[in-house]
Amino acid sequence: MADDLTIQTCGKDGGIVINDDWPGYSLELFNYPKHYSGDLECVYIPHGVIMDRTERLARNIMGDLGDHDIVVLCVLKAGYQFCADLVERIKALSRNSDHTLPMSVNFIRLKSYVNDQSTEDLHIVGAEDLSFLTGKNVLIVEAIVDTGKTMKTLLKHVEAFRPKMIKVAGLLVKRVPNSSGCLPDYVGFEIPNRFVVGYALDYNEYFRDLNHICVISESGKLKYKV
Ligand code: HPA
Ligand code: MG
């Protein structure tokens, strides 16, 4: 991230752009847990595509940071799957490289969503004391960035511990009208403003056990509403 956090542009690429008129794939074309039948509209991003894109992001990240020691900061809960898969791919690249340094993996928990609505109060639930980041090269790994408010708050919090460098990897960036303009340095996919679930993205804690990223149906929202 640059020092000025008000307007960010993406680094090398802004991610694979999924247009507003993308209908997704029919659910009939893929396997998914039968307990979610009726709860989904479509498969929006198949698991295999997520994995292939993640492999490329890992290469981009290693190209930029490969000769630094990296502290990965995984943003829970939704970030766990992307972070695990990204770290796996970084490890695979490290095994085949002569110039690598150790990477540590840490976790922070944020919560701001109830049902499909973002709430004003963002809670940092875990690892409030991030003094282990001081002087380090930090890679924040997030599942999804929409307004960018969460990312901005988190960056402020992390910056207070004076890391040497902060980069952000986000699997998804949602095109929302009220975006703060704060975007990750590494983006998997840019998606329309639709509520998606799966690949650890939840709706009230459900759908994390779905490996594709899917659009939730209205009846799915009703069924799991709190
Ligand atoms: N799905 C799940 N969690 C989210 C989303 C979403 O579309 N946007 C922000 N948090
Ligand atoms: Mg959530």
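Reader: Quick one to start. Is Ala-200 buried or exposed?

Author: Ala-200 counts as buried, at 0% relative accessibility. This is a predicted model.

Reader: Where does Ala-200 lie?

Author: In the loop between β9 (196–197) and β10 (213–216).

Reader: What about phi of Ala-200?

Author: Phi is near 80° there. That is a positive value in a residue other than glycine. Most residues other than glycine have a negative phi.

Reader: Which loop holds Phe-207, and what is its phi?

Author: Phe-207 sits in the loop between β9 and β10. Its phi is near 80°, a positive value in a residue other than glycine.

Reader: Buried or exposed, Phe-207?

Author: Buried. Phe-207 has 0% relative accessibility, and the cut-off for buried is under 20%, so it falls on the buried side.

Reader: Backbone again. What is the peptide bond from Leu-76 to Lys-77, cis or trans?

Author: The bond from Leu-76 to Lys-77 is cis, with omega near -5°. Most peptide bonds are trans.

Reader: And where is Lys-77?

Author: Lys-77 is in the loop between β3 (70–76) and α2.

Reader: Step back. How many helices and strands?

Author: Four helices and ten strands. Along the sequence they run β-β-α-β-α-β-β-β-α-β-β-β-β-α.

Reader: Why call the chain as compact as a globular protein of that length?

Author: Its radius of gyration is 17 Å, and the globule rule gives 17 Å for 226 residues, so the chain is as compact as a globular protein of that length.

Reader: What does the C-alpha trace span?

Author: About 50 × 40 × 30 Å along its principal axes.

Reader: What share of the residues is buried?

Author: Buried residues are 47% of the 226 in the chain.

Reader: And the accessible surface, what does it come to?

Author: About 11000 Å² for the chain. Carbon and sulfur atoms account for 52% of that.

Reader: Contacts next. What share comes from residues 24 or more positions apart?

Author: They make up 71% of the contacts with a separation of 6 or more.

Reader: Charges. How far apart are the mean positions of the positive and negative ones?

Author: They are 1 Å apart. The chain has 25 positive and 30 negative charges.

Reader: Now helix α1. How many residues, and what is its reach?

Author: Helix α1 covers residues 47–65, which is 19 residues. From first C-alpha to last it reaches 26 Å, close to the 27 Å expected.

Reader: Which α1 residues are buried?

Author: Among them are Ile-50, Met-51, Leu-57, Ile-61 and Leu-65. Arg-53 and Asn-60 are also on the list.

Reader: What is the relative accessible area of Arg-53?

Author: It is 10%, and Arg-53 is buried.

Reader: What is Arg-53 in contact with?

Author: Leaving aside neighbours within four places in sequence, Arg-53 contacts Asp-13, Gly-15, Ile-16, Val-187, Gly-188 and Phe-189.

Reader: How does α2 look for reach?

Author: Helix α2 (residues 80–95) has 16 residues and reaches 22 Å, close to the 22 Å expected.

Reader: Which residues of α2 are buried?

Author: Phe-82, Cys-83, Asp-85, Leu-86, Val-87 and Ile-90 are buried.

Reader: Last topic, Val-125. Where is it?

Author: Val-125 is in the loop between β5 (117–124) and β6 (137–145). With a relative accessible area of 42%, Val-125 is partly exposed.

Reader: How far is Val-125 from Arg-89?

Author: Their C-alpha atoms are separated by 28 Å. Along the chain, Val-125 and Arg-89 are 36 residues apart.

Notes:
Residues numbered from 1 in each chain as written. Chains lettered and ligands numbered in written order. Predicted model: local features only at pLDDT ≥ 70, side-chain atom pairs only at ≥ 80, totals over all residues. Heavy atoms only, no water. Helix = DSSP H or I, 4+ residues; strand = E, 2+ residues; numbered from the N terminus. Rg over C-alpha atoms; globule rule 2.2 N^0.38 Å. Buried < 20%, exposed > 50% of the residue type's maximum accessible area, 1.4 Å probe, protein only. Contact = heavy atoms within 4.5 Å. Areas by Shrake-Rupley, 256 points an atom, 1.4 Å probe, with all protein chains shown as cover. Lys, Arg positive; Asp, Glu negative; His and termini not counted. Charge placed at Lys NZ, Arg CZ, Asp CG, Glu CD. Expected span 1.5 Å × (residues − 1).
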